[in-house]
Amino acid sequence: MLKVLRRMSTALKDEFLAVRSYSTNMQIAPLQRTALEEKCILVDQFDKPIGEATKEHCHKIAKDGSIPLHRAFSVFLFNMQGDLLIQRRSKTKITFPGYYTNTCCSHPLADIEGESEESHALGIRRAAVRRLGYELGIPSKEIEPEDFHYLTRIHYQAAGDQIWGEHEIDYVLFLLIDKVTLDPNPDEVSETKWISKKGVDDFVKSINSPLTPWFKLILESQLMVWWDNLKSLHKFQDHTKIHRFS
């Protein structure tokens, strides 16, 4: 496992160096600009809350190259046939616009009641329900916070376009659902697609845009193992360790 993590870390560094500048000349869409004022939860390296800061502050790279560490989550939604729902991020997104990624990736917010709740990652789960609704149009009545399988956390940093980036402790959430209503928000999502485990390699080879760093890390480390065990995910829950990619 250690060798895999080291290999993934090296690959991630190479990926960051290859990312082209996008934000320099882009216009920030009105809704995306408004979202920059939302308050993320700042954490230390052990995922202990230490304050809050705007989404803009949490994603803008400082002159010294630092990005404030904050709490996030990544949802992997599967249907009962075992297919994974992925999305392509809108080209108006501030970080990694136009990249392919897992079902939903976002943050619990300090300024939304209940999303700072620590017990059983309840705040994270509530935020995931909210964002699945906002990004993909999934009605909240179709998903309950307890429906998520919280597997583990990863700590990674991505320099992005050298203007905007990510530095997150990311909660990995799996969700198996029989039927789901989709009505993607074009300000957030430009494309959705269900992919099978067997078809992942062909999909990655066929796309003309990169994968987000966090999705790439998870895909190349543990995703396939978890995907093989969708009916026994409890065996892979690890809520004590934070897997670090530096």
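What follows are my entries on the aromatic contacts.

I note that this is a predicted model, in which local features need pLDDT of at least 70 and side-chain atom pairs count only at pLDDT 80 or more, while totals for chains, interfaces and linings use all residues. Residues are numbered from 1 along each chain as its sequence is written, and side-chain values use heavy atoms, with hydrogens and water left out.

Entry one. I found 10 aromatic pairs in the structure, taking rings of Phe, Tyr and Trp (its six-membered ring) as paired if their centres lie within 6.5 Å, and calling planes under 30 degrees apart stacked, over 60 edge-to-face and the rest tilted. I list Phe-76 with Phe-215 as tilted, because their planes stand at 50°, with the centres 6.1 Å apart. This pair joins strand β3 (residues 70–78) to helix α6 (residues 213–227), across 139 residues; helices (H or I, at least four residues) and strands (E, at least two) are DSSP runs, numbered from the N terminus. Phe-76 is buried at 0% relative accessible area, and Phe-215 is buried at 4%, where buried means under 20%, exposed over 50% and partly exposed in between (1.4 Å probe, protein chains only).

Entry two. I looked up Phe-78 and Trp-227, an edge-to-face pair with 5.4 Å between centres and 65° between planes. Phe-78 belongs to strand β3 and Trp-227 to helix α6, so the pair ties together parts 149 residues apart in sequence. Phe-78 is buried at 0% relative accessibility, and Trp-227 is buried at 6%.

I recorded a cluster in which ring pairs link Phe-76, Phe-78, Phe-174, Phe-215, Trp-226 and Trp-227.
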